[in-house]
Amino acid sequence: MPDVITGYVHKVSEVHSPTRGNPYFDFNLQLSPSKVVRGICYSPEKRAKLKATQEKKIPVKIDNVQASVACVVNTFLLSLDKPSVDHF
């Protein structure tokens, strides 16, 4: 998966604050009509911007993306440590 991806944001969660580890939120990113991936963002301050793009139904461009495969569900996870989010 490339370092920069573009798609539509869906299902932005609330910020999760685990007792161990960093706060995060997750969301779905629709890359094409038939491909949706799950994103996890460890920058809670980015949540409002992603939520706004979800509500406006406009695409976003996200960079600094690292992809991994989840063993349990066998889907791609986007690990977004300090992503830059732009909307078109």
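**Figure 1. Tyr-24 and Tyr-42 in the predicted model.** At 25% relative accessibility, Tyr-24 is partly exposed (20% to 50% of relative accessible area, with buried under 20% and exposed over 50%; 1.4 Å probe, protein chains only). Tyr-42, with a value of 32%, is likewise classed as partly exposed. Two aromatic pairs are found in a search of the whole structure (ring centres within 6.5 Å; planes under 30 degrees apart are stacked, over 60 edge-to-face, the rest tilted). For Tyr-24 and Tyr-42, the ring centres lie 6.1 Å apart and the planes meet at 50°, so this pair is tilted. Tyr-24 belongs to the loop between β1 (4-10) and β2 (25-32), and Tyr-42 to the loop between β3 (35-41) and α1, so the pair ties together parts that are 18 residues apart in sequence. The model is predicted: local features require pLDDT of at least 70 and side-chain atom pairs 80 or more, while totals for chains, interfaces and linings use all residues. Numbering starts from 1 along each chain as its sequence is written, and side-chain values use heavy atoms, without hydrogens or water.

**Figure 2. The ring pair of Phe-25 and Phe-27.** The centres of the Phe-25 and Phe-27 rings are 6.1 Å apart, with an angle of 40° between their planes, so the pair is tilted. Phe-25 has a relative accessible area of 0% and is therefore buried. Phe-27 also counts as buried, because its relative accessibility is 2%.

**Figure 3. Surroundings of Asp-26.** Asp-26 lies in strand β2 and is buried, with a relative accessible area of 15%. Its side chain makes a polar contact of 2.7 Å with the side chain of Ser-13 (N or O atoms within 3.5 Å, one able to donate a hydrogen and the other to accept it; for residues adjacent in sequence, side-chain atoms only). With neighbours within four places in sequence left aside, Asp-26 is in contact with Lys-11, Val-12, Ser-13, His-16, Arg-38, Gly-39 and Ile-40 (heavy atoms within 4.5 Å).

**Figure 4. The largest nonpolar core.** Twelve residues form this core: Ile-5, Val-9, Val-12, Phe-25, Phe-27, Leu-29, Val-37, Cys-41, Leu-50, Val-60, Ile-62 and Val-65 (buried Ala, Val, Leu, Ile, Met, Phe, Trp, Tyr and Cys joined through side-chain atoms within 4.5 Å). At least two core residues come from each of β1, β2, β3 and β4 (60-63). Strand β2 supplies the largest share, with three residues. Over the protein chain, which has 88 residues, 31% are buried.

**Figure 5. Elements and confidence along the chain.** The protein chain contains one helix and seven strands (DSSP runs of at least four H or I and at least two E residues, respectively). From the N terminus on, their order is β-β-β-α-β-β-β-β. Of the contacts with a separation of 6 or more, 50% involve residues 24 or more positions apart. The mean pLDDT is 77, and 74% of the residues reach 70 or more (the predictor's confidence in each residue, from 0 to 100). The pLDDT is below 50 over residues 70-81, a stretch that has 40 contacts in the model beyond near neighbours in sequence.

Key:
Phe/Tyr/Trp six-rings, centres within 6.5 Å; stacked < 30°, edge-to-face > 60°.
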